[in-house]
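Subject: Structure for you to look at

Hello,

Here is the structure I promised to pass on. Please open it next to this message and read the two together.

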Amino acid sequence: MRLYSLAEFPTAPALGSVTLEETEGMLYNEPETPDVMRRFHKDAFPELAFIRVQDELARPSSTISMSAKSCILRQVPNDQWAQLYEAYVDHGLYGLLDHLSTAEMTAPFRVLSTPARVTLKWYHWAGRVYTFLRGLVFPQLQLSPEEICSKYSEVANWPSGNVRSLAWHPGTKKLAIALRNDSVILYTKNSEISSELKHPKQKNVTCVAFRPFSGSHIAVGCEKGLLLWNIPASIIVKTPTMHSASQFLPGTLISSIAWHPGGNLLAVCSARFGDIVVLNAATGETVPLTTFSLLPSAHLLRWSRDG
């Protein structure tokens, strides 16, 4: 077995240059100018339209995220029993204790204000201790979701870069680019229309992957979970509706996804919790492959060619 070193590889292009092709182990570079990029794109990918990320970022958003709950003016009940019940329904036991400790209550609820404040103080103290102990076992949990996405992303400069993920279709000339504005743009050969995939749950995209042997399914991993889009291959829609996406593993930060070579299974991992889950694309059934462990979290997945 022979060991290779980086010294045997050709030198990287200089700053401001782009590699156009590789021939017999040699890299051919030219200054990165718009004319050079357009000429190279026309020769290498004549079926795809020229892509400018700045234009895609400037595209107006087609999805408006609104919550009807904030538009409804709720009447505060005068009855103290009703106020306690409403606090419990909205925020659970914590909301009930917080209401007892802060609101101006009359007898017989006034005597419960002091025990409620003491209970909340113990709850906050126990929460800080639990967070500290959990951080010792899983240091990545002390990071924010954006920091985890940036640390374990396959793209350099994930927080400030325009492109956060990119994927080619394994069987046809389709390209998916995840942009910083949480949208995924699909480009198809012989078509000047690009589709924009945008969803309220699609936040901080980390990875995208086309389903093999399918021209309509694409998986998108993000901070809020996994989205499986179903875009008909025969119909090119500029802005598909949100109903074209199905969400799986809600609330789980997805770090990496990988399709089975047969296209029937999708492996998903989370660098935040260390979980590895296999999703059946046909039935939507999920099977976890890992349980509680002190080993480092998995953040990159790849299927072997033979499955």
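Below is what was found, starting with the whole chain and ending with two residues.

Keep in mind that this is a predicted model.

The whole chain

Start with the secondary structure. The chain has five helices and 14 strands. The chain counts 307 residues, and 35% of them are buried. Its exposed surface comes to about 19700 Å². Carbon and sulfur atoms supply 59% of that area.

Look in the loop between strand 4 (174-179) and strand 5 (184-188). Asp182 is not a glycine, yet its phi is positive, at about 70 degrees. Is Asp182 buried or exposed? Its relative accessible area is 19%. The cut-off for buried is under 20%, so Asp182 counts as buried.

Next, go to Asn204. This residue sits in the loop between strand 6 (195-197) and strand 7 (207-210). Asn204 is not a glycine either, and its phi is positive, at about 55 degrees. Its relative accessibility is 8%. That value is under 20%, so Asn204 is buried.

To recap, Asp182 has a positive phi and is buried. Asn204 has a positive phi and is buried.

Best wishes

Note on methods. Residues are numbered from 1 along each chain as its sequence is written. This is a predicted model: local features need pLDDT of at least 70, side-chain atom pairs count only at pLDDT 80 or more; totals for chains, interfaces and linings use all residues. Side-chain values use heavy atoms; hydrogens and water are left out. Helices (H or I, at least four residues) and strands (E, at least two) are DSSP runs, numbered from the N terminus. Buried means under 20% relative accessible area, exposed over 50%, partly exposed in between (1.4 Å probe, protein chains only). Accessible areas come from the Shrake-Rupley method with a 1.4 Å probe; for residues, only the protein chains shown count as cover.
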